[in-house]
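Student: I have a structure on screen and would like to go through it with you. Can we take it question by question?

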Amino acid sequence: EDYELTSFTLQQASFPSIPVDLSNEDQIKGKFEGLNAVIHLAADPDPRAPWSSLRKNNFEATYQVFAECLRSGVRRLIFATTNHTQHGNTILDAPESLDLSKVRLMTTDEPPNPDSLYGVSKIFGENMGKYYSGRHGLEFVGLRIGWIVPEDKFTDRIGALGEDYFRAIYLSHRDCVGFFRRSLEVEAEYLLTYATSNNDRNIFDLTDTIRQLGYQPQDNAEKFFQS
């Protein structure tokens, strides 16, 4: 309610949006004119995605978004990055699984350890943010997002392979909105933080995130499993 939003989608959506293939330089040119900030959510989000898709949707599209922000005079880019940039430290035998013997609290200043080419693609976006903020003055906030799902009922995940992983990095809808709202408001030239709820089993240390971003996550995965 505090912002005027313009939505961009790959195809025409059920809500008002501007269709654009972000990987296509000719299509994206001029699309960001008049915008103060861009929230870049577009990507192939599958950690098992093939290179052909990641190359187009995650690498090329992300580059074109940065370039168009610069051409259009956008002040800030908020980038949806991922927990998969560090999940190589804790992965069991699949991207959505957690090796409990490796669990520890990680911080964003540790070297990345991607669990997939998808994770690599998001590290690319983080590094683009560092480059564009330092060389071109584009303000950048990167949120290493946990696991967010359409529903808030998790009974189907109890006992599943990904249950421990989900409990550790769950991100509620309310906290997701809170993180992105603060990303628009916080004073920062370059900021890389986590975006997970305040989960009992968290594998990410939210101390710096709360201090730097100024947002205290409200929810906890355990509450939803108990309800």
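Student: With which side chain does the side chain of Arg201 make a polar contact?
Tutor: This is a predicted model, in which local features need pLDDT of at least 70, side-chain atom pairs count only at pLDDT 80 or more, and totals for chains, interfaces and linings use all residues. Residues are numbered from 1 along each chain as its sequence is written, and side-chain values use heavy atoms, with hydrogens and water left out. A polar contact is a pair of N or O atoms within 3.5 Å; within protein, one must be able to donate a hydrogen and the other to accept it, and residues adjacent in sequence count only if both atoms are side-chain atoms. At 3.5 Å, the partner of the Arg201 side chain is the side chain of Asp164.

Student: Which residues is Arg201 in contact with, leaving aside neighbours within four places in sequence?
Tutor: Contact means heavy atoms within 4.5 Å. Arg201 sits in the loop between strand 6 (190-195) and helix 6 (207-213). Helices (H or I, at least four residues) and strands (E, at least two) are DSSP runs, numbered from the N terminus. The contacts of Arg201 are Asp164, Arg167, Ala168 and Glu222.

Student: Is Arg201 buried, partly exposed or exposed?
Tutor: Buried means under 20% relative accessible area, exposed over 50%, and partly exposed in between (1.4 Å probe, protein chains only). The relative accessible area of Arg201 is 38%, so Arg201 is partly exposed.
The C-alpha atom of Arg201 is 28 Å from that of His40, 161 residues away along the chain. The class asked for, at 38%, is partly exposed.

Student: Where is Asn89, and what does its side chain pair with?
Tutor: Asn89 belongs to the loop between strand 4 (76-82) and helix 3 (117-136). Its side chain has a polar partner at 2.8 Å. That partner is the side chain of Asn113.

Student: Why is Asn89 counted as buried?
Tutor: Residues that touch Asn89 include Lys102, Arg104, Met106 and Glu110, with those up to four places away in sequence not counted. The class itself rests on accessibility. Asn89 is buried because its relative accessible area is 18%.

Student: Which residues does Phe59 touch, not counting those up to four places away in sequence?
Tutor: Phe59 lies in helix 2, residues 51-72. It is buried, with a relative accessible area of 16%. Phe59 touches Trp51, Leu54, Val120, Ser121 and Phe124.

Student: What is the relative accessibility of Ser121?
Tutor: Ser121 is placed in helix 3. Leaving aside neighbours within four places in sequence, its contacts are Leu54, Asn58 and Phe59. Ser121 counts as buried, and its relative accessibility is 1%.

Student: How far apart are the C-alpha atoms of Glu189 and Glu139?
Tutor: Glu189 is in the loop between helix 5 (173-185) and strand 6. It counts as exposed at 65% relative accessibility. Even so, Glu189 touches Ser133, Leu138, Glu139 and Phe140, not counting residues up to four places away in sequence. Glu189 and Glu139 are 50 residues apart in sequence, and their C-alpha separation is 4.6 Å.

Student: What does Ser7 touch, not counting residues up to four places away in sequence?
Tutor: Ser7 comes in the segment before strand 1 (8-9). It is partly exposed, at 28% relative accessible area. Ser7 touches Phe15, Pro16, Ser17 and Ile18.

Student: Now the whole chain. How many helices and strands are there?
Tutor: From the N terminus on, the elements run β-β-α-β-α-β-α-β-α-α-β-α-α. The protein chain has seven helices and six strands.

Student: What radius of gyration does the protein chain have?
Tutor: The radius is taken over C-alpha atoms, and the globule rule is 2.2 Å times the number of residues to the power 0.38. For 227 residues, a compact globule would come near 17 Å. The C-alpha trace spans about 50 × 40 × 35 Å along its principal axes. The chain agrees with the globule value, with a radius of gyration of 17 Å.

Student: What share of the 227 residues is buried?
Tutor: Of the contacts with a separation of 6 or more, 69% join residues 24 or more positions apart. The share of buried residues is 51%.
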